[in-house]
Amino acid sequence: MANTFISRTLASNGQEKGTISGWFKLGDVDNARALCSAYSDANNHSMILLSSNNNLDFFDYQSGYESHMVTNAYLNDYSAWYHVVYTWDQPNSTENQRNRAWINGVEIYGNSGWATEEYYGSSATPSWNKNYSLNIGARNSDQYWSGQMSHFYFIQGYCYTATDFGEFDSDGIWKIKTSASVNYGGTGGNSCFLKMEDASNLDLDSGDNTVAFSTTGTLTSTKDTPSNNFPTFNPMVRPIEVYSPSWSNGNTTIAASGGSSWQSLYVPTALTGGLWYYEYIVGSGTNVRGGVASSDQLALSGSTYGPNDYATNGVSKPAYQMKVDGDMCFSNSSSNNQEASYGSSYAGSETSTYVGVYLDLSASKIYFALNGVLQNSGTGYSIESSGYSFMPVISVYPATTVYANFGNGCFGSTQLTGTTYNDAGGLGIFKYDPSSGTFDGTSKNFRAICSKNIKDYD
């Protein structure tokens with residue numbers, strides 16, 4: 001969250017080596033943001049920074065660079081968790097072993113991996129081992145991290161590799177080891193491990209030293225973890241538009257403030273079967289429509305006012321969204337930008353109305369609810385699903401802000417309080433019960449869109 005970070009002052013120590021490991025999910029667009037830093041002042045600090053171009057920048061600046069390593073690779077998948085491991089070993093006699101880094105288990109090497117490659121010199125004293133402020137999620141009081149973060153290790157005195165914190169599964173996917181075997185005994189007792197999974201104590205140190213941290217601002221707990229990936233809107237995956245919305249809260253909040261056209265925001269998670277649910281609420285403005293669109297929408301080019309306005313050679317790709325006036329706005333293989341009467345209008349009460357979206361790909365139906373009340377008497381709208389995969393999509397018109405809950409249990413930075421409900425898989429937390437009501441005369445069990453639930457339909 002903006003203006004929020006975790007910090008503590010490091011104790012004096014004589015170590016000259018160490019390891020940082022952390023899992024993170026991207027947020028924000030076009031701004032530099034810090035994973036962590038060891039900060040004294042503007043002329044003396046070290047950082048792991050995600051640049052405005054989305055490449056990783058590892059540096060130690062002491063009135064000039066003591067070390068500076070910048071990756072060639074750009075991290076542009078806003079829907080995925082990344083894992084970074086960085087080590088420094090200043091006493092090492094081999095220069096290119098003094099700074100090492102891995103992304104998702106793969107070590108970065110040489111000119112193909114590094115755009116900038118400046119290793120610690122033989123007389124350097126790393127800032128990571130000085131009595132500076134260790135800041136997690138900020139440089140100092142700027143360059144705040146705006147995405148998610150999990151399982152952060154800061155280890156002084158020992159160098160580890162990526163395989164100490166993760167491993168490849170049988171499909172070649174890099175997976176987290178939720179409890180790495182590391183030594184916390186470095187001089188100064190600074191080594192720590194923040195799981196960031198206890199909603200009541202997100203800055204809790206689960207390492208052997210149990211050091212105390214303080215939090216500036218308010219941290220937001222989320223169900224989205226490296227072990228179970230939940231969807232977010234992806235700023236890099238959208239049609240060509242004249243105006244771009246702003247993104248916040250781990251890209252679950254979208255705000256359109258400029259221009260005079262509809263702007264459509266996609267979750268590029270392809271759903272091919274099953275029953276799925278998500279919620280959203282309008283924070284400001286009056287023009288919004290939410291629902292689902294075929295993944296084929298992302299392959300189309302040209303300007304757009306929304307997924308239902310798209311046509312290629314006169315043939316549209318399926319999309320189904322409910323408008324604030326209750327009408328269904330849709331396209332299919334033979335029609336483009338059509339409307340049909342469906343639900344009740346909630347115009348005038350957008351900011352107090354929670355919209356539930358239910359997608360049943362087994363029956364080729366979509367349903368909507370307003371504050372938990374199924375629309376159209378629980379009769380779903382038929383969708384053209386054969387041969388298509390679908391993804392959530394919300395379209396907004398300036399000036400409008402929308403908060404989505406895909407099961408994280410929060411809208412923006414506001415946690416749900418009072419009575420909440422789990423999805424049928426017990427993995428997501430929602431304002432309203434995803435399986436409450438009668439859907440075309442029968443009961444149905446809908447699930448949060450997350451990797452563990454999706455695996456059940458593979």
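Helices (H or I, at least four residues) and strands (E, at least two) are DSSP runs, numbered from the N terminus. By that definition the chain holds two helices and 35 strands. The radius of gyration of the chain is 24 Å, close to the 23 Å that the globule rule gives for 458 residues, so the chain is as compact as a globular protein of that length; the radius is taken over C-alpha atoms, and the rule is 2.2 Å times the number of residues to the power 0.38. This is a predicted model, in which local features need pLDDT of at least 70 and side-chain atom pairs count only at pLDDT 80 or more, while totals for chains, interfaces and linings use all residues. Residues are numbered from 1 along each chain as its sequence is written, and side-chain values use heavy atoms, with hydrogens and water left out.

**Overall dimensions and packing**

- The C-alpha trace spans about 75 × 45 × 45 Å along its principal axes.
- Of the 458 residues in the chain, 55% are buried; buried means under 20% relative accessible area, exposed over 50%, and partly exposed in between (1.4 Å probe, protein chains only).
- The accessible surface of the chain comes to about 17,500 Å², and 42% of that surface belongs to carbon and sulfur atoms (Shrake-Rupley method, 1.4 Å probe).
- Among contacts (heavy atoms within 4.5 Å) between residues at least 6 apart in sequence, 65% join residues at least 24 apart.

**An open sheet**

- Six strands form an open antiparallel sheet in the order β9-β8-β7-β2-β12-β15, where two strands pair if DSSP finds at least two bridges between them.
- The edge strands, each pairing on one side only, are β9 (106–107) and β15 (192–194).
- Within this topic, β7 (residues 81–89) and β8 (residues 99–103) pair in the antiparallel sense over five bridges, and Thr87 has Arg100 in β8 as its bridge partner.

**Nonpolar cores**

- The largest nonpolar core has 89 residues, with Trp128 and Tyr280 making the most contacts inside it; such a core is a set of buried Ala, Val, Leu, Ile, Met, Phe, Trp, Tyr and Cys residues joined through side-chain atoms within 4.5 Å.
- Strand β20 (residues 275–284) gives the most to this core, with six residues.
- A second, separate core of 15 residues includes Trp23, Ile155, Ile176 and Phe193.
- In soluble globular proteins, nonpolar side chains tend to be buried together.

**Aromatic pairs**

- Rings of Phe, Tyr and Trp (its six-membered ring) pair if their centres lie within 6.5 Å; planes under 30 degrees apart count as stacked, over 60 as edge-to-face and the rest as tilted. The count comes to 34 aromatic pairs.
- The rings of Tyr86 and Trp88 have centres 5.9 Å apart and planes at 35 degrees, so the pair is tilted; both residues are buried.
- Phe168 and Trp174 form an edge-to-face pair, at 4.7 Å centre to centre with 65 degrees between the planes. Phe168 is partly exposed at 47% relative accessible area, whereas Trp174 is buried at 9%.
- Ring pairs link Phe58, Tyr86, Trp88, Trp114, Trp128 and Phe154 into a cluster.

**Backbone geometry in loops**

- Most residues other than glycine have a negative phi, and most peptide bonds are trans.
- The peptide bond from Pro398 to Ala399 is cis, with omega near -10 degrees; Ala399 lies in the loop between β29 (390–396) and β30 (400–405).
- Gln143 has a positive phi near 50 degrees. Gln143 is found in the loop between β11 (133–136) and β12 (148–156) and is partly exposed, at 29% relative accessibility.
- Ser377 has a positive phi of about 55 degrees. Ser377 is placed in the loop between β27 (373–374) and β28 (381–382) and is exposed, with a relative accessible area of 73%.
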